[in-house]
Amino acid sequence: MNIFIDSANLDEIKKAADIGILDGVTTNPSLILKEGKDYKKTLKEICSIVKGPVSAETISLNTEGMVKEGKEFAKIAKNIVIKVPMTSNGMKACRLLTKSGIKVNTTLVFSANQALLAAKAGSYLVSPFIGRLDDIGEKGTELVKEIRQIYDNYGFKSLILAASIRSTEHVREVAMIGADIATMPFNVYKQLFNHALTDKGIKMFLDDWDKLQKGLRRR
Ligand code: E4P
């Protein structure tokens, strides 16, 4: 499973890229607003750090506007993927952008039928938002399971990008289900590396190493 960071914070993105386990980035207007920087400039900077797909969200609600914005954003860098919302206008824009060679991430997917349509429209990435479904009392990971089955049933090539991830448990679950990608906030990414027994084990080995050195010195 590929791992993306859901962030527009350059420090976070640089840290993950430096570790070397970072396959791409997703952004949205809210994340870029949080950084208080220019929209396109931020996307360009992210693309200079990350080689993998970087999702840039369109703002227009009509097809023409989405296509126009998508074509502009696609000029920022080769690895830009255009995010369009899961609406009929969005799906029309998806078809047009895909036809012109621009990859599309269909975002705000909350049902299996929406994911089916997004695949039929030629989406490169399809983003079910699992945390937001959990927020309204549904089970977001169930949706990922359903989409996996539908895409496998019919051999759709769209990649399932599990989005709106809130915990390491979400990451584990979507990996077990077979999501192609999980995009997560940096705090969840960092937690993936941790386990209490790893820390305990390191401490034990270091303590024994110290004892060993003292013992060796006594000889
Ligand atoms: C993904 O592309 C979205 O930017 C993101 O995962 C939304 O997450 P949220 O529900 O935590 O805002």
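This is a predicted model: local features need pLDDT of at least 70, side-chain atom pairs count only at pLDDT 80 or more; totals for chains, interfaces and linings use all residues.

Entry 1

Entry 2. I started with the shell around the ligand. I found Asp6, Thr26, Asn28, Lys83, Phe129, Arg132, Ala163, Ser164 and Arg166 there. Sorted by class, that shell has 4 charged, 3 polar and 2 nonpolar residues.

Entry 3. Next I looked up polar side-chain atoms facing oxygen atoms of the ligand. For Ser164, an N or O atom of the side chain is 2.7 Å from a ligand oxygen. For Asp6, a polar side-chain atom lies 2.8 Å from an oxygen atom of the ligand. For Arg166, the distance from a side-chain N or O atom to a ligand oxygen is 3.1 Å. I also checked the cover: on its own the ligand has 350 Å² of accessible area, and the protein covers 86% of that.

Entry 4. Which pocket does the ligand take up? I see that its space is the largest pocket. I noted a volume of about 390 Å³ for the largest pocket. It is lined by 24 residues, and the closest to its centre are Asp6, Asn28, Leu31, Arg132 and Pro185.

Entry 5. Which elements give two or more residues to this lining? I got α2 (29-35) and β5 (104-109). With 4 residues, α2 gives the most.

Entry 6. Last, I sorted the lining of the largest pocket by class: 10 polar, 7 nonpolar and 7 charged residues.

Conventions: Residues are numbered from 1 along each chain as its sequence is written. Side-chain values use heavy atoms; hydrogens and water are left out. A residue is near a molecule or strand if one of its heavy atoms lies within 4 Å of it. A polar contact is a pair of N or O atoms within 3.5 Å; within protein, one must be able to donate a hydrogen and the other to accept it, and residues adjacent in sequence count only if both atoms are side-chain atoms. Accessible areas come from the Shrake-Rupley method with a 1.4 Å probe; for residues, only the protein chains shown count as cover. On a 1 Å grid over the protein atoms alone, a cavity is a set of points where a 1.4 Å probe fits but cannot get out, and a pocket is an open set with protein on both sides within 12 Å along at least five of seven lines; lining residues have an atom within 4 Å of a point. A molecule sits in a cavity or pocket if more than half of its atoms lie within 2 Å of its grid points. Ala, Val, Leu, Ile, Met, Phe, Trp, Tyr, Cys and Pro count as nonpolar, Asp, Glu, Lys and Arg as charged, and the others, Gly among them, as polar. Grid points are joined across faces, edges and corners, and a volume is the space filled by probe spheres set on the points.
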